[in-house]
Amino acid sequence: MANSLSFNNRFRVILAGVFTFQFIPNDTMAESVRPFPVVGSVSVMEGHWNDVPESILRFSDVVKEDPLRFQLTASAAEQFFSQSLYEESHRGFQKLLKAKKPSPSVFTQQISGLRLAEILLLQGKADDALREVDPLLNDSNPYIAQEATFLQARCFLYKRQWDQMNKIVKSLLHMNPAYSNDLAVNLMRGVAALEQNHPDEALLYLKKYPDEPSALYYEGVCFIKKKEISNVLPLYQQILQKDARSEWVDRMRLVLGEAFYTGHDLALAQEFFRPVTRPQADPALRPLALHRRACVFFEQKKYEECEKIFTDLLKEYPNHPLRSQWTYLYASVPIFKKDWKKAIQEQKMALEFERGLAPRLHGADAYQLRLSAEFRILWAHLLLNDFNGTRILAEKFIGRYPNEIMTSYAYLAKGLALYRMGEYDRALETYQELLNKFPQSSACGKAVYLMTLCLHSAQDPFRMAGILNEVHARMSNAETKGVDEWTQNTLYWVADAYFQLNDLISAEKIYKEFVLRAPESPLVPYALEGLGAVLSAQGPARDGEAIVALQQAELRARDLNNKEFAEQVDLELAKIYYNQRDFAKAGASWNHLVLTSTQTAVQTEAMFREGEALARQDYYQEAIKKWKTLAHNYKTSPWVAEALMRVGNTQAGLGQWAEAASTFNTIKQSYAGTETGKEGAFQLIQCAFNQGNMPLAVNELLSFSKQYPDDARIPKAADNLLSSFHQKKAAISSEQQAALLKLAPGSAGGAALLWERGASLFNEGKYEPAQKLFEKIMLSYPNDEYAPLAYFYNADCFFWMQKWDDAANAYQNFFLSFPKHERVPNAMFQKAVCLFRKGAYDDSVTDFQAFLKKYPQHPLAKEAWLNIALAHKKAFQLDQAVTAYRYVIEHYSADPKINAVWLQMGSLLEVQGKHGEAQRVYAKVPEGVPEYSEALYRRALLSEQQHHVAEARQLLEKLRASSEKKNEFRIAALIKLSEIYEQESAPPAKLKLLYQDLQASATDPEVAKQAGLRLKELQ
């Protein structure tokens, strides 16, 4: 019933709107360019608007002035349009276009053409609309051309031709840039992005209009697609506050209700669906809300409320697309209430009223509805002990649907009815026919069991084994081999039953006996196939015998013209090759069946198995392609779920985590409520973890634990996430950590003991083990008094280990988790330092600025400014660096480090080529401070670069006269003076004194050596 209780997957599309502009209210469109001017206004009494267009038309018939008559015709057509009477509106505008001598003005004809195109679009005739609007695209009137272009874009939106639509929108924006801020245009672009499953892109367009209900609605749809339901509720409140009667309120309620319904929160779903069911609600939305409320009641087993809603729906909406589902569900309620007589009555109604079964958009398939209804009727007759009626209905069902899987259960019903009527032979014949025609049906096991009921009234498998032994012994002791066909066939079923009971030795013996007793029986191929399966199940040593048995089964089946069973045998034969690890041969056999078999069941299993064979040969991409083809071409096959699971597991094994996540998400959505869907949901956790997306992994686990709280894997998964999320360079909130801790309770060690050990290791400089202990406090004791400090020193450990990414994330985790803690400023500052250390200079500046904005008077503020300047310098953003240094000089002029700031600022100005300004900055450094020597030397170098040699010489001599003989800048000055004096051919005596000074002062042995050599030359 799960499928019948859900909307068609196009439901959301209609709400999100390929037909978008049918949903935009008039007051919203008032801010965009309207397709028509208002041609006139009249006063109409409440409830009489439908009479207006007819009245206008009658009035136009008596008006003789052509301009006024044309205007009245246009007004009537526009009124028809506003009432969604498109055919009448179309005739009115067409009349204007066909008018000749006199004819309406060119402008009236153009806007009539535009409206005709829009009517065609709203009727779903997008191609006709495009042809209608085409002559107006290049009109000399820019208003007409732009409106035509906009309408053309809407047509491509309807056709889902995104590239064409985007091209037209770009053209429109080029024609008139003002459209870039137009509500209607951006709504269209947002809807297009939604239709392409790009909710983030859609939000870019929609968030431009925070006061527009239509934009807020589509924002909500975006967040629902992103599964961020918490972001939708505030948007709903905004729409409600702006205009509680707006159509967008009900639309938002409907999508919110659907979101909660999909998430199995039935109570909340009811709260949102209920208001949309009021009589005054939008007639397009009200039946959808009523339908979904009935589905909720159905799942809650409140069948009385469910029946009442379906009764009202069937009365009020006789032509609704969902009517077939209403009929089907209404007819099913008595089944679930176990009211069998009423079930028969309602199922017959579902069959008798053609309208209820007519295929419609969003409706269930009529054939399947009829099939299900007929089967429910015959089964209800059986439950009412009407055995003869059951037999008659079952025979009709079998004749009408000979190849449907459900027909195997009709055989079961017929056999049961015959058994209860005492016609045991006919019951056995019925079960044998079932086994022959539907050997793969799940009904076969029941049939074998019911056969034993017919023979000896067995009640359970153990008694069945005793009965089978008795039957076999009686047959073995028979004096003649000429037993009848029924007895021979029974021997086959005896062997088959032993196989089902896993008594392989007895099954092998009896299969062989059956083949000897009845070599011409049509069941021999089945017996040989069963024999092959039994031999193969006994281990690899008997695979050779199993292959021979299956090959004989395949030949006998073809001799009997039983091609279908021969293909089934080939399928099983390839499994033995596979078990023998001859994967190439197995794959080739399955591929042959895929290409030649006419049975969907054989094709699908063969395709699945071929993928397995390819994967075992390391042809993983080919295997994935094979499984994807199976899932795409055979959507209803029972192998699809397993194929998709293999695709996901293989992608995961190849490290293709994003692709694997997409596959598992498809499984989760497509097979919700099943073991396969459950496994897909669990694998999403692993995919997110291996992608390094720890927050997503946590969210997936929390969602999984909510849906499957008893799954034994949850504690281990939670423990793995808790123990490794810090190593994955991602921060998670304290709320998420608390939730994980509930899933995997922490160790028994106390937070105080862990803190003492961690602090001790930290003070000893053993940061790695200390970090592990602090992390343990964070994970196991998130609400303990030591938790904030553990968070902070955990980050400090990463900092001292120079793991900058981990440290930055840890500091951020601290100040987000404990925003009022006294160490928050330090954490913010340290995070910025980490970003600086890793070379992320722009991010570092951003974080230092955030720190300064929040704590402008903090003792670390000056250091933040200095680091900002240095980060700009490292990033070659020299103007910004100079600006930052100027700020430090202006606000911290008395700081001991101010002279170093002058030097840094001067060096930046030098790099920028601002030599004069650099000279003045260096001159700010006073004598007597450690930085004076460097400032003096840099001033000399700048003077030399500007060819002021005398000034440079004077500054260098001043530095030479310094008392700090070993000062590095004094030594550099001596070297520079030697170069100047050598170039000027100074007297040897002067040079000799200079080199003697250099030799005595130089700390570099090579410099001292060169000075000594030059002294020798001078002597």
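**Figure 1. Ala-613 in helix 33 of the predicted model.** Ala-613 is part of helix 33, which covers residues 600–616, in a model that is predicted. Ala-613 is buried, because its relative accessibility of 0% falls under the 20% cut-off. Beyond its neighbours within four places in sequence, Ala-613 is in contact with Tyr-578, Phe-583, Gly-587 and Trp-590. Asp-582 is 31 residues from Ala-613 along the chain, and the C-alpha atoms of these two residues are separated by 8.8 Å.

**Figure 2. Packing of helix 16 against helix 17.** Helix 16 spans residues 286–299 and helix 17 spans residues 303–316; they pack at an angle of about 155°, and their axes are 8 Å apart. Because angles over 145 degrees count as roughly antiparallel, helix 16 is described as roughly antiparallel to helix 17. The crossing of the two helices is left-handed. On the side of helix 16, the contact is made by Arg-286, Pro-287, Leu-290, His-291, Arg-293, Ala-294, Phe-297 and Phe-298. Helix 17 contributes Tyr-303, Glu-305, Cys-306, Ile-309, Phe-310, Leu-313 and Glu-316. Sorted by class, the contact of helix 16 with helix 17 has 10 nonpolar, one polar and four charged residues.

**Figure 3. Lys-668 in helix 36.** Lys-668 belongs to helix 36, which runs over residues 657–670. Lys-668 has a relative accessible area of 17%, which is under 20%, so Lys-668 counts as buried. With residues up to four places away in sequence not counted, Lys-668 touches Gly-677, Ala-681, Leu-684, Glu-700 and Ser-703.

Figure 4. Over residues 1–49, pLDDT stays under 50. The model has 117 contacts beyond four places in sequence for residues 1–49. For the chain, pLDDT averages 78, and 81% of the residues score at least 70.

**Figure 5. The chain that holds these views.** The secondary structure comes to 55 helices and zero strands. The chain has 1019 residues, of which 51% are buried. Of the contacts between residues at least 6 apart in sequence, 54% join residues at least 24 apart.

How values were computed
Residues are numbered from 1 along each chain as its sequence is written. This is a predicted model: local features need pLDDT of at least 70, side-chain atom pairs count only at pLDDT 80 or more; totals for chains, interfaces and linings use all residues. Side-chain values use heavy atoms; hydrogens and water are left out. Axes are lines fitted to C-alpha atoms, for helices over the stretch in contact, and angles run from 0 to 180 degrees between N-to-C directions. Helices (H or I, at least four residues) and strands (E, at least two) are DSSP runs, numbered from the N terminus. Angles under 35 degrees count as roughly parallel, over 145 as roughly antiparallel, 65 to 115 as roughly perpendicular and the rest as oblique. A crossing is left-handed if the near helix is turned anticlockwise from the far one by less than a right angle, and right-handed if clockwise. Contact means heavy atoms within 4.5 Å. Ala, Val, Leu, Ile, Met, Phe, Trp, Tyr, Cys and Pro count as nonpolar, Asp, Glu, Lys and Arg as charged, and the others, Gly among them, as polar. Buried means under 20% relative accessible area, exposed over 50%, partly exposed in between (1.4 Å probe, protein chains only). pLDDT is the predictor's confidence in each residue, from 0 to 100.
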